[in-house]
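This report walks through a predicted model.

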Amino acid sequence: MKELSFRTICGFCHTNCGMIVHLKEGKIHRVEGDPDNPVNRGYLCAKGYGARQLVYAEDRLLHPMRKTRSGFKKVSWNEAVTFAADKLQEIREKHGANSIARYIGAPTTYECRDGFMQFMGSFGSGNFTSSGTLCFYPRVTGLLNVFGGRPEPDYDASKLIIFWSSNPMNTCRFGLYSAYDGFDKIIDRARDRGAMIVVVDPVRSEMAKLADEWIDLNIGTDAALGLAMLNVIVSEGLYDKAFAEKWISGFDKFKEHVKPMTPEWAEPITGLSASRIRDFARLYATTKPAIIHEGNGFDMQTNSVDCGRIIAMLISITENIDAEGGNALYPIVPQSPLPVVKPPKTKLYDQYPIFPEIPWPVVSRSILEGAPDRPRALIVQHGNPAVIQANEKKTREALSKLDFLLVVDIFMTATAELADLVLPAASDFERYDYRAVASRAGSFVALRRKIIEPLGESRSVFDVEYEIAKRMEIEKDYPFTNNEEWLNYMLKPSKINLEDLKEKQIIYVTPPAKYKKYLESGFNTKSKKIEFYSERFKAIGYEPMPVYREPGESFLTHGHLESAYPLQGTSRKPASFVHSRFRNLPMFQKMQPHPLMRIHPDDAEKRDIKDMAWATIRSPRGEMRALAKLTYDTKPGLVVVDFGWGNPYDMELSNINSLTSDELFDPLCGGTPNRMFLCEVAPSE
Ligand SMILES: Nc1nc2c(c(=O)[nH]1)N[C@H]1C(S)=C(S)[C@@H](COP(=O)(O)OP(=O)(O)OC[C@H]3O[C@@H](n4cnc5c(=O)[nH]c(N)nc54)[C@H](O)[C@@H]3O)O[C@H]1N2
Ligand SMILES: Nc1nc2c(c(=O)[nH]1)N[C@H]1C(S)=C(S)[C@@H](COP(=O)(O)OP(=O)(O)OC[C@H]3O[C@@H](n4cnc5c(=O)[nH]c(N)nc54)[C@H](O)[C@@H]3O)O[C@H]1N2
Ligand code: SF4
Ligand SMILES: [Mo]
């Protein structure tokens, strides 16, 4: 039988590569990269090739499942929707509209980003939470507060590329949402141009191995490095005075602020010599244009927002902001607002007022403490908090204490197992969806296509939320009733629709990037300038200028733990998986069956730990097991443990977040230090 082929986009990670799906006898037969999608130009990573296994997985959730005393029971959609609507109605009558909260995981698809948004609006609850405190929100909060935008690296004209706490060789995340004529060729092209590559990372990451220079600072000390670089740039006059005068607000105060933050001050903190810090600052300030691609490495520390501010200041003072070959503010695809009317913020936002949503630890604590204004019901969509949030034990406790937990997923995950009701989601190949992509050539929209009918009784999220809304008689504000209508509603401001996209697959909706737009309209901040001194932070009682804070769980802040837990632990995202996903699929399992713990040979020898033998890692919170990998890629004293195991189909004691603390926070955003904990390691019995 002839193969039928469809262009679409992968949804397994934020990169959303163009993909061609081939069908045989109505079933997905094979997939390949789409050469005409500017994101990947034909490349697919190994995970993308696993699409067929995911769709036809034996253990895929295909029916609504309701928890009973004797375990989960298959129920009809009618029963599931009635149960959800009744429960939510009952909770609202007893405790008010803010008694529900919506939780999403990493928004690798827009369906994930938007699912249950309008439902919250129609229900009247302003409680939005997610994995955001661990992902890119903390550093983006920092960037936004300095220059009012989140720039994308403009790789193809850059002379110096700094990957700062990012490892896109593993994560394929070269920008936030941008296309580069094949992201897998960015490094080759940079090399051909003679551009220099520097990596700032405590670990010799896959990207560090390719770099011209690896700046191997102590973990969690980026703010000290960045502030010392700013000190060098200011004190050596490596910036344009006219630019600073015109475009930076509070610069005089800032100059005083960084005066004591010399490279000599930063040396014992960062573990980098003062001369190395000076050289790095000079290199960055004098090689133009240059990029800093800041990544997720300092989000899961306790000084993430200020790290974001410091990076923004480095980018600005060197005039790389919105510069060709620097960090550019690409045009944005216009989209409609969701929900149509946003409910007011609740009291749960008060503790971290600059953060755009409620940090999950605030929600979790309110539940555990039985606070009167706590959410009683949680809708978890496309997320797995039980595995990915800090302190697995406490997270599970909080989820278990809810009056009602609704989970929408495609597998029976650790979080789904705790739910009262689990709804089977249609996969990325069974529903319409889209992605807005920024790029030099202009910003475009790419279509995710419904290629096959949803398997079993699985359904798309918008379909489900509308059904529940209808049952509750709160559907009148809904601007859509299914994915097709949602897509058309969202893209109305871009003047394109589903029919156009079906025909063309990719549609550019903005002109090509223009640089230095601030020359015409200033920056998107209150003062229209780059804010080195933040009046907003000051008014809240925060430090108006960024500072170095000793990282979360360190020997300085927690000296009493040092004798029992003399090692620092951090986590790593393996290339074969996205977070906690898909370790139940044979192909993925084969790529990496078990979590690894990278340990320096000196530390291993002291503890009699052998290469590729099982080791147990203990922290003040709990323990996990991993295969030890002896390597010089990590420094003595630092063990690097793989993240993402912990679902029911994984082995026991495999979740790194059984080790991490939910009691230490970035004071500006409530983020937990999932990248840093004190620990000890021993051979496993
Ligand atoms: N220690 C440590 N902790 C971390 C991190 C770390 O590096 N170290 N990383 C952090 C980061 S950056 C993030 S973003 C979070 C990630 O946190 P999450 O996004 O919560 O993690 P995922 O495992 O991706 O969970 C997504 C869930 O969506 C489900 N899913 C997949 N496809 C579909 C679909 O089409 N529809 C629906 N409804 N569901 C679907 C998957 O089965 C999975 O259960 O973890 C954070 N936690
Ligand atoms: N294969 C795969 N790809 C993914 C994901 C995945 O789970 N797996 N997740 C997706 C998501 S949601 C995200 S947010 C992105 C993240 O992607 P990236 O932004 O590339 O971030 P990570 O790979 O999480 O971490 C980058 C580096 O930070 C380093 N690091 C740790 N602590 C510090 C520190 O204190 N300072 C500095 N300078 N560096 C530090 C780590 O050693 C690591 O090499 O990846 C996305 N892509
Ligand atoms: S999982 Fe791989 S193929 Fe899919 S979007 Fe991410 S990088 Fe592309
Ligand atoms: Mo993330």
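Start with Lys573. An N or O atom in its side chain sits 3.1 Å from an oxygen atom of ligand 2. This is a polar contact, meaning a pair of N or O atoms within 3.5 Å; within protein, one must be able to donate a hydrogen and the other to accept it, and residues adjacent in sequence count only if both atoms are side-chain atoms. Gln301 also reaches ligand 2 with its side chain: an N or O atom there is 3.0 Å from a ligand oxygen. Phe577 uses its backbone instead, placing an N or O atom 2.5 Å from a nitrogen atom of ligand 2. On its own, ligand 2 has 920 Å² of accessible area, and the protein covers 97% of it. Such areas come from the Shrake-Rupley method with a 1.4 Å probe; for residues, only the protein chains shown count as cover.

## Ligand 2: the shell

There are 32 residues around ligand 2 (a heavy atom within 4 Å). Asp201, Gly220, Asp222, Phe577 and Arg675 come nearest. The shell holds 13 nonpolar, 13 polar and six charged residues. Here Ala, Val, Leu, Ile, Met, Phe, Trp, Tyr, Cys and Pro are nonpolar, Asp, Glu, Lys and Arg are charged, and the others, Gly among them, are polar. Helix α6 (residues 168-171) gives the largest share, three residues.

## Ligand 1

The side chain of Ser571 has an N or O atom 2.8 Å from a ligand 1 nitrogen. A polar backbone atom of Asn674 is 3.2 Å from a nitrogen of ligand 1. The protein buries 98% of the 920 Å² that ligand 1 exposes when taken alone.

Around ligand 1 are 29 residues, with Ala106, Asp409, Arg431, Ser580 and Arg581 nearest. They split into 12 nonpolar, 12 polar and five charged.

## The barrel

Ser571 also has a bridge partner, Val641 in β27. Strands β23 (residues 567-572) and β27 (residues 638-642) pair in parallel over five bridges. Pairing takes at least two DSSP bridges. Helices (H or I, at least four residues) and strands (E, at least two) are DSSP runs, numbered from the N terminus.

Six strands close the barrel, in the order β23-β27-β24-β26-β25-β28, with mixed pairing. From one strand to the next, the twist averages 45°. Axes are lines fitted to C-alpha atoms, for helices over the stretch in contact, and angles run from 0 to 180 degrees between N-to-C directions.

## Conventions

Residues count from 1 along each chain as its sequence is written, while chains are lettered from A and ligands numbered from 1 in the order written. In this predicted model local features need pLDDT of at least 70, side-chain atom pairs count only at pLDDT 80 or more, and totals for chains, interfaces and linings use all residues; side-chain values use heavy atoms, leaving out hydrogens and water.
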